[in-house]
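The tour below moves from selection to selection.

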Amino acid sequence: MVRKKWLIVANGLLWMAAGMNIGNIGIKSIMVAHSLVWLLSIPVFAIFASMFIKIISKNINRIVSMQGEKAMLYKFLTPKGYMIIAFMMTLGITLRELGKIPESFFAYFYTGLGTALFFSGLWSFIILISRKLY
């Protein structure tokens, strides 16, 4: 069992790690694509960042409202959250492995998505500090 602040830290680190991994794939695709298609990552970032920040905020409110001072570390996500992560990872890996999607798609989509995930993870730490949940 860990203090609830560590659930928020684990949540933020997971989102940041996912963002770095996906963003890395996007940046590698940009290098291959050799075009300005990466500019499309800006609206992708904006759309996903607004969604993810709402999800992060809702999840942190869930963690804070949990009974007791401590909880099991795996409780930083709900069972539904774990299922969504598994589905998204499977979908992403499958799309890349099939080779049917052009590299330019990954250049802008994964760069925008990865950046949004990373900054949403940072949002966890901003909430942790601003609400003095530590």
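Contact here means heavy atoms within 4.5 Å. This is a predicted model, in which local features need pLDDT of at least 70, side-chain atom pairs count only at pLDDT 80 or more, and totals for chains, interfaces and linings use all residues. Residues are numbered from 1 along each chain as its sequence is written, and side-chain values use heavy atoms, with hydrogens and water left out.

**Whole chain**

Start with everything shown. The protein has four helices and two strands. These are DSSP runs (helices: H or I, at least four residues; strands: E, at least two), numbered from the N terminus. Along the sequence the pattern reads β-α-α-β-α-α. The C-alpha atoms fill a box of roughly 50 × 30 × 20 Å along the principal axes. Of the 134 residues, 34% are buried. Buried means under 20% relative accessible area, exposed over 50%, and partly exposed in between (1.4 Å probe, protein chains only). Among contacts with a separation of 6 or more, 87% join residues 24 or more positions apart.

**Helix α2**

Select residues 41-64. This is α2, with 24 residues. From first C-alpha to last it reaches 33 Å, close to the 34 Å expected at 1.5 Å a residue. That expected span is 1.5 Å times one less than the number of residues. Now colour its buried positions: Ser 41, Val 44, Phe 48, Ala 49, Phe 52, Ile 56, Ser 57, Asn 59, Ile 60 and Ile 63. Their cover includes α1 (4-33) and α4 (103-130).

**The core**

Which residues touch the most other members of the largest nonpolar core? Show Leu 7, Phe 48, Phe 52, Ile 63 and Phe 76; the core has 21 residues. The helices α1, α2 and α4 each supply at least two of its residues. The largest share, seven residues, comes from α2. A nonpolar core is a set of buried Ala, Val, Leu, Ile, Met, Phe, Trp, Tyr and Cys residues joined through side-chain atoms within 4.5 Å. Zoom in on Phe 48. Leaving out residues up to four places away in sequence, Phe 48 touches Phe 109, Leu 113 and Ala 116.

**α1 against α2**

Show this pair alone. Their axes are 9 Å apart, at an angle of about 160°. Axes are lines fitted to C-alpha atoms, for helices over the stretch in contact, and angles run from 0 to 180 degrees between N-to-C directions. The two helices are therefore roughly antiparallel (over 145 degrees). Select the contact residues next. From α1, take Lys 4, Leu 7, Ile 8, Asn 11 and Trp 15. From α2, take Phe 52, Ile 55, Ile 56, Asn 59, Ile 60, Ile 63 and Val 64.

**Gly 23**

Stay on α1 and pick Gly 23. Is Gly 23 buried or exposed? It is buried, at a relative accessible area of 9%. Beyond its neighbours within four places in sequence, Gly 23 is in contact with Tyr 110 and Gly 114. Draw a C-alpha distance from Gly 23 to Ala 116: 9.1 Å in space, across 93 residues of sequence.

**Last stop: Ala 86**

Move to helix α3 (residues 79-98) and select Ala 86. Ala 86 is partly exposed, with a relative accessible area of 43%.

Notes: Angles under 35 degrees count as roughly parallel, over 145 as roughly antiparallel, 65 to 115 as roughly perpendicular and the rest as oblique.
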